[in-house]
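Subject: Handover of a structure for your review

Dear colleague,

Please find below the sequence and structure that I am handing over to you. My findings follow directly after it.

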Amino acid sequence: MPEGQSEEAEETDSVVTLLFAGDVMGHDIQYQTAYDPATGLYDYHDCFRYVRPYIEEADLACANLEVTLAGPPYSSYPCFSSPDALLIALKDAGFDVLFTANNHVLDYGKQGLERTLRILDSVGMAHAGSYADTLSRDTTYPLMVEVDGLRIGFLNITYGTNGVRTIVPNMVNKMDRDQVSVDFSKLEAMNPDLKVAFVHWGSEYQLQANSYQRSYAQFLADQGADLIIGSHPHVAQDADTLFNPERKPVVTYYSMGNFISNQCRHNTNGGIMVQVAVNRFTGQVLSTGYIPYYVFKGVIDGKYQFYVIPTLPYINNRYAFRLPVRDSLALVRVHQAMTERLSDFIPIFADVFEIEDQ
C-alpha cells in the first residue's frame with residue numbers, strides 16, 4: 001500500500017462504478033419547453049440537474065438514446081427528431097456512452113441515422129448499436145471502453161425498427177442469435193474484463209418481463225454476458241439473477257423505464273437508474289442497485305421544465321423545493337411501486353455510491 005494511503009482508500013480505488021439510464025425520449029412539448037425564444041436556442045440542462053450528481057459520480061454512465069438527431073424541423077411520435085442540444089445536455093450531465101439500437105433509430109431513415117452518428121461523433125460521445133456502413137461496424141463493434149484499467153465490452157441490440165427497413169449500407173444491430181453469437185466471439189477475442197449486453201426488447205407498458213425476454217436473457221448469459229440491461233417497455237420491469245453455464249451470476253434488469261419523456265400512461269412517469277460496482281482488477285460484479293426517480297413537468301425556481309427527480313432524497317426533504325400535492329403524491333407512489341417490484345434488489349439513496357470490495 002502506498003505510504004499515507006488508508007485501507008478504505010485502497011478499497012475505493014479497486015472499484016469502478018457504472019450507471020445505466022433508460023429511454024431518453026423527445027416528445028414535442030419537451031423540445032418546445034427547452035426552447036428559449038429570447039435566444040432562439042434549446043437548452044435541456046435543467047432537466048438533469050437533480051440526477052447529475054449520480055451520473056457524474058459514476059466512472060462510466062450510459063443511456064438509451066431513443067430519438068434521432070435528424071435536424072429540424074423537430075418532431076415527436078411516431079417519428080422522433082430532437083434538437084442537438086439534448087445530446088449536449090446529456091453529455092454535460094455526465095453521460096459517456098449512448099446506445100442507438102432501438103425501434104426509433106430509423107425514424108428518419110438513412111439521413112436520420114447518419115446525421116445522428118455524425119453528431120454523436122462530433123461531441124466525442126461513444127456509442128453503439130447503429131452504423132453508417134459495414135466498415136464502421138467492423139472497426140467499432142463491439143464497443144470497448146477502458147475505465148481505470150477495466151476493459152468493458154458492450155453489445156447493443158434491438159428487437160426491431162418499427163418495420164422500417166435499413167437502407168444499405170447502413171446497419172442496425174438486431175436480436176439475431178447467430179449474429180449475436182458471432183459478436184460475442186469477437187468480443188471474447190478482444191479480451192474484455194466485463195461483458196455487458198444492452199438490449200431493446202419486451203412488451204410496452206408491462207411491469208413484468210415476458211417469456212421471450214427471459215429466454216433471450218438466458219441465451220445472452222450462456223453466450224458470456226456478465227451483465228444484462230434492458231430498455232423499451234417505457235416502464236421499469238422486474239429484475240433477475242441468472243446463471244451462466246459456469247454457475248456465475250448474471251444480474252439482469254429487464255427494463256429501466258423512461259429516463260425522460262412526456263408519456264402519460266400509468267407507470268411511465270418514473271423509472272430507475274441502475275448502478276453497478278465492479279472490481280477493476282478482476283472484472284467481478286460486486287454489487288448492483290437502483291435509483292428510483294420521478295419525472296416532474298412543472299415549475300421549479302421559476303422555470304417550467306421537465307425535471308428528473310430521485311425519489312427518496314425528495315421524500316426526505318433534502319431538496320429546497322416542494323412539488324404540487326398531486327406530483328408529491330405521484331412521486332411517493334412511483335417510489336413505492338419501484339421498491340416493491342424490485343424487492344430482491346438494493347435501492348441506492350446515498351449521494352455517494354459506496355461498496356465494500358469482496
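P78 is found in the loop between β4 (60-65) and α4 (84-93); here helices (H or I, at least four residues) and strands (E, at least two) are DSSP runs, numbered from the N terminus. The peptide bond that leads from Y77 into P78 is cis, with omega near 10 degrees.

Please note that this is a predicted model, in which local features need pLDDT of at least 70 and side-chain atom pairs count only at pLDDT 80 or more, while totals for chains, interfaces and linings use all residues. Residues are numbered from 1 along each chain as its sequence is written, and side-chain values use heavy atoms, with hydrogens and water left out.

Backbone features

A cis peptide bond also runs from V168 to P169, with omega near 15 degrees. P169 is placed in the loop between β9 and β10 (171-172). That loop between β9 and β10 also holds N162, whose phi is positive, near 55 degrees, although N162 is a residue other than glycine. For context, most residues other than glycine have a negative phi, and most peptide bonds are trans.

The six-stranded sheet

Six strands form an open sheet of mixed pairing, in the order β8-β9-β11-β12-β14-β13; two strands pair if DSSP finds at least two bridges between them. β8 (143-147) and β13 (239-243) stand at the edges with a single partner strand each, so one side of each has no neighbour in the sheet. From one strand to the next, the twist averages 20 degrees. Axes are lines fitted to C-alpha atoms, for helices over the stretch in contact, and angles run from 0 to 180 degrees between N-to-C directions.

Within the sheet, β11 (residues 194-200) and β12 (residues 227-231) pair in the parallel sense over five bridges, and H200 stands opposite S231 in β12. β13 and β14 run antiparallel and are joined by five bridges; in this pair A239 stands opposite Y253 in β14. β13 and β14 form a hairpin with five residues between them, and R247 in the turn has a positive phi of about 65 degrees.

Two helices accompany the sheet. Helix α7 (residues 177-189) lies across β8, β9 (150-158) and β11, and runs at about 170 degrees to β9. Helix α8 (residues 211-223) packs on the sheet and touches β9, β11, β12, β13 and β14 (249-253), its direction making about 40 degrees with that of β13. Contact here means heavy atoms within 4.5 Å.

Pocket and cavity

Both terms rest on a 1 Å grid over the protein atoms alone: a cavity is a set of points where a 1.4 Å probe fits but cannot get out, a pocket is an open set with protein on both sides within 12 Å along at least five of seven lines, and lining residues have an atom within 4 Å of a point. Grid points are joined across faces, edges and corners, and a volume is the space filled by probe spheres set on the points.

The largest pocket holds about 540 Å³ of space. Its lining has 22 residues, of which N269, Y294, V295, D327 and A330 are the closest to the centre. The largest share of this lining, eight residues, comes from α10.

One cavity of 30 Å³ or more is found in the whole structure. The largest cavity has about 50 Å³ of space, and the residues lining the largest cavity include L65, T100 and S130.

Aromatic pairs

Rings of Phe, Tyr and Trp (its six-membered ring) pair if their centres lie within 6.5 Å; planes under 30 degrees apart count as stacked, over 60 as edge-to-face and the rest as tilted. The count comes to 21 aromatic pairs. The ring centres of F48 and F259 are 5.6 Å apart and the planes are at 0 degrees, so the pair is stacked.

Yours sincerely
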